[in-house]
Amino acid sequence: MNALNGLPVWLKVTAAAVSVLLIAGIAFAAYWVIRLQSNISKAPLTAGATRTEAPANDATDRLQILILGSDTRDGKNSQYGSAQDSTGYGQSDVMMLLDISADNKRVSLTSFPRDLLVNVPQCTDPKTNTVYQPHSSVMINSAMAEAGIGCAVDTVNKLTGLEIDHFMMADFNAVKELSNAVGGVDVCVSDAVYDPDSGLRLPQGTSKVQGEQALAFLRTRHGFGDGSDLGRIQAQQGFLSSLTRKIKSDGTLSNPQSLLSIADVVTKNLTVDDGLASVQSLLTIGSRLKNVDLSKVAFVSVPTRPAAVDPNRLELAQPQATQLFAAMKANLDLTTPGATATPSASASPAPSSTPSTPSAPAYNKAIQPVTVADGTGIASRGQEIAAALVGGGFTEAAHFLAAAVPKTVIYYGPGYADVAPDVANQLGIPASQIELSNGVVGVQVYIGSDFDSGTKYGVASVPADVVKQTAGDVKCQAVNPALIAR
């Protein structure tokens with residue numbers, strides 16, 4: 001006998017209705033999982049580089065995701081270029097590193113200008129297994145042109161010393177559809193602007209942009225600042241800042257229907273690494289961002305300056321760039337300038353290994369021959385350390401370039417056993433890294449790649465002015481005078 005026959009009619013109806021709803025809910029969820037999963041395109045995370053870190057847990061670990069904007073112009077993007085632009089892997093029009101803290105309390109997006117000259121490591125094309133030799137002093141946006149997105153990841157890892165966990169690459173169409181999905185994004189410009197190259201046309205003040213105008217705002221190469229890529233980066237950061245505020249205020253990340261709508265748009269135009277190529281992974285990362293305070297969503301620019309080899313290109317500004325990368329490796333809060341990381345145990349001062357001298361008389365720091373041998377391979381690094389020594393009283397400190405070495409050592413000549421520990425103490429270098437050398441006159445600080453930032457060995461600090469704005473800041477973009485609409 002059917003177990004429902006003895007039940008009241010109202011209970012039978014309720015049970016049937018619940019059953020229908022459960023089946024409908026399961027079917028709805030299955031539909032969206034299948035749909036979103038089928039949208040996703042994927043590619044290998046690296047192009048042959050060896051990784052030393054275990055895969056991150058997307059739900060609980062600190063996550064670093066390289067976000068790329070592709071300039072390929074095929075399919076829906078064909079209207080933005082020629083057939084020649086549609087071949088190969090293309091170049092990265094936009095490159096930002098998204099960094100989510102393990103506790104989900106802070107997020108940073110660090111922008112790398114497309115004109116930045118870098119060294120690209122050896123990369124292997126995953127499709128053809130073709131091995132491409134390293135390139136020196138090439139624009140960072142070309143890193144993925146030969147061997148794919150994984151080569152761009154390997155290049156940023158080499159540049160920063162980090163090991164990126166994932167990547168996401170979107171195309172032009174993603175910007176249009178995403179801006180439409182959220183109902184437009186507010187942007188502000190200092191003057192009326194018209195850029196015939198990108199098609200951007202906006203009145204002075206705040207406007208809501210979506211679709212083609214949102215894309216034009218992000219694509220314009222000469223619309224803002226001095227007309228360089230740095231001005232474009234500021235506009236991109238302003239756009240993303242406004243987009244973050246809108247999504248937070250609308251409660252999008254807490255609304256399943258809105259989140260699914262955005263996920264559908266994004267995944268249609270997204271390529272991710274193999275480890276991120278699941279709906280669950282993408283939704284997990286999205287959910288981690290919903291409660292981050294806007295003041296802790298930092299937009300950062302890699303410190304640069306005009307390149308010595310070509311003033312139309314950029315190179316890293318030192319020592320600020322190296323300090324930034326060290327702060328990122330140390331997982332410091334970039335919204336707190338001057339914040340430092342606790343030195344590792346290996347960098348802690350050890351008991352003195354230098355010959356002891358009984359009650360040595362005081363000496364005059366100002367006349368001691370102290371030199372800095374720069375073995376870091378970083379421009380102006382030796383000058384920075386020498387300046388720190390001068391500031392500490394060793395006013396005769398000088399510097400010179402030396403062969404690259406991995407470890408910092410302080411050498412001292414006969415008669416300077418009392419000076420070397422004081423130099424080491426000022427720089428925070430362990431006494432175990434002080435050695436007698438009969439070939440040295442005075443004291444020589446031979447700095448290696450383990451002392452590539454800051455003036456205290458083993459201590460990373462956040463340099464000033466790297467955060468250009470937070471998601472809580474509302475800014476107007478300064479229009480390039482040449483493109484002010486009259």
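Student: What are the ground rules for numbering and confidence?
Tutor: Residues are numbered from 1 along each chain as its sequence is written, and side-chain values use heavy atoms, with hydrogens and water left out. In this predicted model, local features need pLDDT of at least 70, side-chain atom pairs count only at pLDDT 80 or more, and totals for chains, interfaces and linings use all residues.

Student: In the open sheet of eight strands, what is the strand order?
Tutor: Helices (H or I, at least four residues) and strands (E, at least two) are DSSP runs, numbered from the N terminus. Two strands pair if DSSP finds at least two bridges between them. Pairing in this sheet is mixed, and the order is β1-β14-β9-β2-β3-β4-β15-β23.

Student: Which are the edge strands?
Tutor: Strands of a sheet pair through backbone hydrogen bonds, either parallel or antiparallel. An edge strand here pairs on one side only. The two are β1 (41–43) and β23.

Student: Which strands does β15 bridge to, and in which sense, parallel or antiparallel?
Tutor: Five bridges join β15 to β4 (residues 107–111), and these run parallel. S108 has A298 as its bridge partner there. F299 stands opposite Q469 in β23. Three bridges join β15 to β23 (residues 467–470), running antiparallel.

Student: How many residues of β15 are buried?
Tutor: Buried means under 20% relative accessible area, exposed over 50%, partly exposed in between (1.4 Å probe, protein chains only). In a regular strand the side chains alternate between the two faces of the sheet. V297, F299 and S301 are buried on one side of β15, A298 and V300 on the other. Strand β15 (residues 297–301) is mostly covered, and the buried count is five of five.

Student: At what angle to β2 does α7 run?
Tutor: Axes are lines fitted to C-alpha atoms, for helices over the stretch in contact, and angles run from 0 to 180 degrees between N-to-C directions. Helix α7 (residues 279–288) lies across β2, β3 and β9. Its angle to β2 is about 105°.

Student: Which residues of α3 are buried?
Tutor: Contact means heavy atoms within 4.5 Å. The cover over the buried residues of α3 includes β2 (63–70), β3 (92–100), β9 (166–170), β13 (205–209) and α4 (212–219). In α3 (residues 172–181) the buried residues are F172, N173, A174, K176 and S179.

Student: Which residue caps the N-terminal end of α3?
Tutor: A polar contact is a pair of N or O atoms within 3.5 Å; within protein, one must be able to donate a hydrogen and the other to accept it, and residues adjacent in sequence count only if both atoms are side-chain atoms. Here a side-chain oxygen lies 3.2 Å from the backbone nitrogen of N173. The cap is D171.

Student: Why is one side of β19 and of β21 left without a neighbour in the sheet?
Tutor: Five strands form an open sheet in the order β19-β18-β22-β20-β21. Since β19 (398–401) and β21 (434–436) stand at the edges, each has a single partner strand.

Student: Which residue of β22 stands opposite V409?
Tutor: Strands β20 (residues 409–412) and β22 (residues 443–447) pair in the antiparallel sense over four bridges. Opposite V409 stands Y446.

Student: Where is P421 found?
Tutor: P421 is partly exposed, with a relative accessible area of 28%. P421 and I410 are 11 residues apart in sequence and 8.8 Å apart in space, C-alpha to C-alpha. P421 is found in helix α10 (residues 419–427).

Student: What volume does the largest pocket have?
Tutor: On a 1 Å grid over the protein atoms alone, a cavity is a set of points where a 1.4 Å probe fits but cannot get out, and a pocket is an open set with protein on both sides within 12 Å along at least five of seven lines; lining residues have an atom within 4 Å of a point. Grid points are joined across faces, edges and corners, and a volume is the space filled by probe spheres set on the points. The largest pocket is lined by 25 residues, with N119, L159, L316, Q318 and G377 nearest its centre. Its volume is about 760 Å³.

Student: Which helix gives the largest share of the lining of the largest cavity?
Tutor: The largest cavity holds about 1400 Å³ of space. Of its 50 lining residues, I67, L178, L240, L243 and V266 are closest to the centre. Eight lining residues, the largest share, come from helix α5 (residues 229–250).
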